[in-house]
Amino acid sequence: MRTLVVRLDSFGDVLLAGPAVRAVAARSTHVTLLCGPRGADAARLLPGVDEVLVWEAPWEGFDPPPVTPADIDALLGRLRAGAHDSALVLTSFHQSPLPTALLLRLAGVRRIGADSDDHPGRLLDVRHRRQAGRHEAEAALDTAAAMGFPPPPGDDGRLRVLPPPDTSGLTGSGPYVVLHPGASAPARAWSPHRCAEAVTLLADAGHRVVVTGGPGETALTRQVGGDVAVDLGGRTGPRTLAGVLRMADVVISANTGPAHLAAAVGTPVVSLFAPVVPAGRWAPYGVPVILLGDQSAPCADTRALTCPVPGHPCLDEVTGQDVVRAVHKLIQERHS
């Protein structure tokens with residue numbers, strides 16, 4: 001059976017779909033993952049994926065593209081060529097799978113399933129209803145099971161990626177902790193001065209610190225790392241970053257893709273979590289986590305991209321010393 005899995009949004013969202021993808025792969029002869037440009041690198045890290053199709057949906061992302069007949073026709077052609085027997089459409093709790101399902105119907109996919117609050121008409125063959133309070137990774141697994149793809153025997157349901165490379169040439173020898181100061185939205189980021197404070201205090205406490213960031217974050221990582229940390233800003237692609245995170249004692253990160261990548265390689269996370277989305281759905285999954293940040297702040301559940309509260313108190317009231325204490329607790333638990 002040829003199965004299509006759809007997850008159209010970000011890097012972290014695609015990683016959270018990983019356990020569901022493995023469930024699909026266990027009962028399929030070929031798995032294609034249709035994702036957006038922001039999730040493509042994560043899709044290529046997932047076990048069980050045979051093919052990755054990349055398409056930018058007009059209803060996803062911060063600046064979606066216009067709807068054009070030529071773009072839709074091109075996608076339908078690619079989907080028809082895949083001759084998929086079934087499709088599992090994975091979305092977050094606030095997204096509708098129905099635009100995707102309509103395109104899949106037009107492409108001739110015979111059996112389509114998704115989690116949908118909206119009445120699907122003839123667009124879905126399996127309409128799953130999400131259980132309240134489920135983490136995004138668990139909700140995806142539930143939807144896969146409703147489609148006839150239960151977790152395979154022995155699969156613990158945690159996040160996982162393909163084995164990363166050895167990155168000791170980048171990080172140097174000896175234990176270290178990683179601080180990732182960037183975030184996909186300003187409302188989710190810990191301020192640079194707080195990050196720099198944490199780097200200094202961690203170094204004073206005897207830790208080697210590695211600071212990571214994407215190609216557009218080199219000024220940020222340089223500011224945060226100063227003369228104290230190993231600055232890997234702009235020097236790690238997704239697979240290399242997975243290797244750096246895998247060998248860390250602890251990863252310190254906001255609610256952004258690398259936090260989920262750390263969970264996928266089994267590393268504990270100090271999660272600086274702004275409550276603009278619920279931690280119960282989006283916190284790093286399946287590894288020891290200490291959540292820092294005021295989860296009852298006025299910005300809670302707003303899904304704001306820029307903090308609506310002056311001073312960003314939900315995160316910036318967290319101090320560098322709070323992070324040091326959290327790091328020590330996770331290291332002690334890991335070694336006990």
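So, α10 against α11: on the α10 side we have Pro238, Leu241, Ala242 and Leu245, and they meet Pro258, Leu261 and Ala262 in α11. Sort that contact by class and you get seven nonpolar residues, no polar ones and no charged ones. Keep in mind, please, that this is a predicted model.

How do the two helices cross? The axes of α10 and α11 come within 9 Å, at a crossing angle of roughly 60°. That angle is why we call α10 oblique to α11. As for the hand, α10 passes α11 in a right-handed crossing.

Let's stay on α11 for a moment. How many of its eight residues are buried? Eight of the eight, so to speak, and the helix is mostly covered. Reading along, that's Gly257, Pro258, Ala259, His260, Leu261, Ala262, Ala263 and Ala264. And what covers them? The cover includes α10, as you'd guess by now, but also α1, α12 and the strands β7 (177-180), β10 (251-254) and β11 (269-272). After the helix comes Gly266, with a positive phi near 85°.

Okay, zooming out to the core. The largest nonpolar core has 53 residues, and Val178, Leu245 and Leu261 are the ones with the most contacts inside it.

Ignore its neighbours within four places in sequence, and Leu245 is in contact with Val178, Val251, Pro258, Leu261, Ala262, Val265 and Thr267. Val178 and Leu261 in that list are the other two names from the most-contacts group.

There's also a second, separate core, this one with 32 residues, including Val224, Leu272, Ala297 and Val324.

Last stop, helix α5, residues 98-106. Which residues of α5 are buried? Leu98, Thr100, Ala101, Leu103 and Leu104.

Terms used:
Residues are numbered from 1 along each chain as its sequence is written. This is a predicted model: local features need pLDDT of at least 70, side-chain atom pairs count only at pLDDT 80 or more; totals for chains, interfaces and linings use all residues. Side-chain values use heavy atoms; hydrogens and water are left out. A nonpolar core is a set of buried Ala, Val, Leu, Ile, Met, Phe, Trp, Tyr and Cys residues joined through side-chain atoms within 4.5 Å. Buried means under 20% relative accessible area, exposed over 50%, partly exposed in between (1.4 Å probe, protein chains only). Contact means heavy atoms within 4.5 Å. Helices (H or I, at least four residues) and strands (E, at least two) are DSSP runs, numbered from the N terminus. Axes are lines fitted to C-alpha atoms, for helices over the stretch in contact, and angles run from 0 to 180 degrees between N-to-C directions. Angles under 35 degrees count as roughly parallel, over 145 as roughly antiparallel, 65 to 115 as roughly perpendicular and the rest as oblique. A crossing is left-handed if the near helix is turned anticlockwise from the far one by less than a right angle, and right-handed if clockwise. Ala, Val, Leu, Ile, Met, Phe, Trp, Tyr, Cys and Pro count as nonpolar, Asp, Glu, Lys and Arg as charged, and the others, Gly among them, as polar.
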